[in-house]
Amino acid sequence: GKRLPKPDATRIFTISNQKGGVGKTTTTVNLSAAMARAGMHVLVVDIDPQGNASTALNIPHGSDDNSIYDVLLDDLEIQDVVQNCPDVDGLQVAPATIELAGAEIELVSLVAREQRLSRALAAYFKYREEQGLPRLDYIFIDCPPSLGLLTVNAFVAATEVLIPIQTEYYALEGLSQLVKNINMIQKHLNADLKVSTILLTMYDGRTRLATQVADEVREYFPTEVLSTLIPRNVRISEAPSFQQSVLTYDPQSSGALSYREAAAEIAERGAPA
Ligand code: ADP
Ligand code: MG
């Protein structure tokens with residue numbers, strides 16, 4: 001595939017939207033696969049207790065498997081839990097297990113409860129350097145559909161937020177709450193965080209509604225919205241049951257094409273100033 005320019009420093013994206021079903025996991029899986037296929041070193045961190053990204057990327061995540069839960073609760077390091085994605089070279093995954101559902105509450109009483117993921121990633125960068133492993137180019141954190149402590153950990157660890165927005169009714173509903181939360185994080189916990197990227201998903205250009213919603217989102221986020229739109233495409237929704245990204249499952253599909261384009265656009269735009 002086409003090679004993409006490498007970033008100067010690791011870009012850490014949290015893929016966030018407190019609404020479910022808007023394409024967070026689909027975007028995490030396919031964007032990370034597209035980046036890895038373009039020669040990037042990529043890590044996916046799955047912090048959704050559902051573990052859908054881990055499943056889609058074919059990573060074992062039963063209750064006996066090491067997971068990001070063990071990292072957040074302090075028992076293990078990231079290097080103890082990451083697995084290589086069999087689908088794509090250069091793509092690693094720190095999987096989620098269902099135990100994570102309890103972490104939301106277990107974290108409350110812990111020291112530095114908001115900084116756990118951020119510290120674990122910093123330690124992992126150091127480990128990779130000591131081991132002579134290549135620097136990671138991209139990290140994508142797949143968030144649960146809530147604004148609890150797991151999502152806060154993602155916001156604190158990240159440098160950028162990518163918000164997938166489903167182009168349909170109520171697309172903007174809840175966005176002001178999300179933006180307010182991100183502003184709070186910037187003020188109190190992570191001054192470097194930026195909403196750098198908005199991705200319109202499940203776009204159906206035949207409907208007037210979809211074009212109206214797209215226009216409305218562009219008005220609200222003029223510089224953040226990618227020009228690439230992710231179309232509604234059945235291949236995208238079929239791929240996870242084959243435990244493949246759509247890029248492997250059907251490389252010529254409109255879904256695969258659009259995620260490759262989105263990856264290229266993100267790489268070419270570079271990190272925000
Ligand atoms: P979230 O992680 O935000 O809850 P998902 O990524 O799991 O959302 O997507 C919700 C559902 O929509 C899934 O069944 C997924 O396969 C499907 N889906 C996501 N994006 C597309 C698309 N572009 N075209 C068709 N189906 C999609
Ligand atoms: Mg999801």
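Start by selecting helix H7, residues 149–157. In this predicted model, nine of the nine residues of H7 are buried, so the helix is largely enclosed by the rest of the structure. Click along it and you'll pass Leu149, Leu150, Thr151, Val152, Asn153, Ala154, Phe155, Val156 and Ala157, buried one and all.

What do the buried residues of H7 pack against? Colour these in: strands S1 (11–15) and S5 (138–142), plus helices H3 (68–72), H5 (100–106), H6 (116–130) and H8 (175–188).

Now widen the selection to the largest nonpolar core, which has 83 residues. Its largest share, seven residues, comes from H7. As background, nonpolar side chains tend to be buried together in soluble globular proteins. For the core residues with the most contacts inside it, pick Ile68, Ile141 and Ala263. Stay on Ala263 for a moment: leaving aside residues up to four places away in sequence, Ala263 touches Leu4, Leu31, Ala34, Met35 and Ala38.

Next stop, strand S4, residues 91–94. Which way do its residues point? Leu91 and Val93 go one way, Gln92 and Ala94 go the other, and all are buried. Bring in the neighbouring strands:

- S2 (residues 42–46) runs parallel to S4, joined by four bridges. Look for Val42 opposite Leu91.
- S3 (residues 83–84) runs antiparallel to S4, with two bridges. Here Asn84 sits opposite Gln92.

S3 and S4 make a hairpin with six residues between them. Zoom in on Gly90 in that turn, where phi is positive at about 85°.

Then show ligand 1 and its surroundings, 17 residues in total. The closest are Lys24, Thr25, Thr26, Ile236 and Ser237. Which helix gives the most to this shell? That's H1, with three residues. Helix H1 covers 24–37, and helix H10 (234–238) also supplies at least two residues. Colour the shell by residue class and you get five nonpolar, 10 polar and two charged.

To finish, select residues 11–195, the stretch that an unreviewed UniProt entry annotates as "domain: AAA".

Technical notes: Residues numbered from 1 in each chain as written. Chains lettered and ligands numbered in written order. Predicted model: local features only at pLDDT ≥ 70, side-chain atom pairs only at ≥ 80, totals over all residues. Near = placed C-beta within 6 Å. Nonpolar A, V, L, I, M, F, W, Y, C, P; charged D, E, K, R; others polar. Core = buried A, V, L, I, M, F, W, Y, C linked by C-beta atoms within 7 Å. Buried ≥ 20, exposed ≤ 12 C-beta atoms within 10 Å, placed from the backbone. Contact = placed C-beta atoms within 7 Å. Pairing = 2+ DSSP bridges. UniProt positions renumbered as here; feature names shortened; annotations may be inferred.
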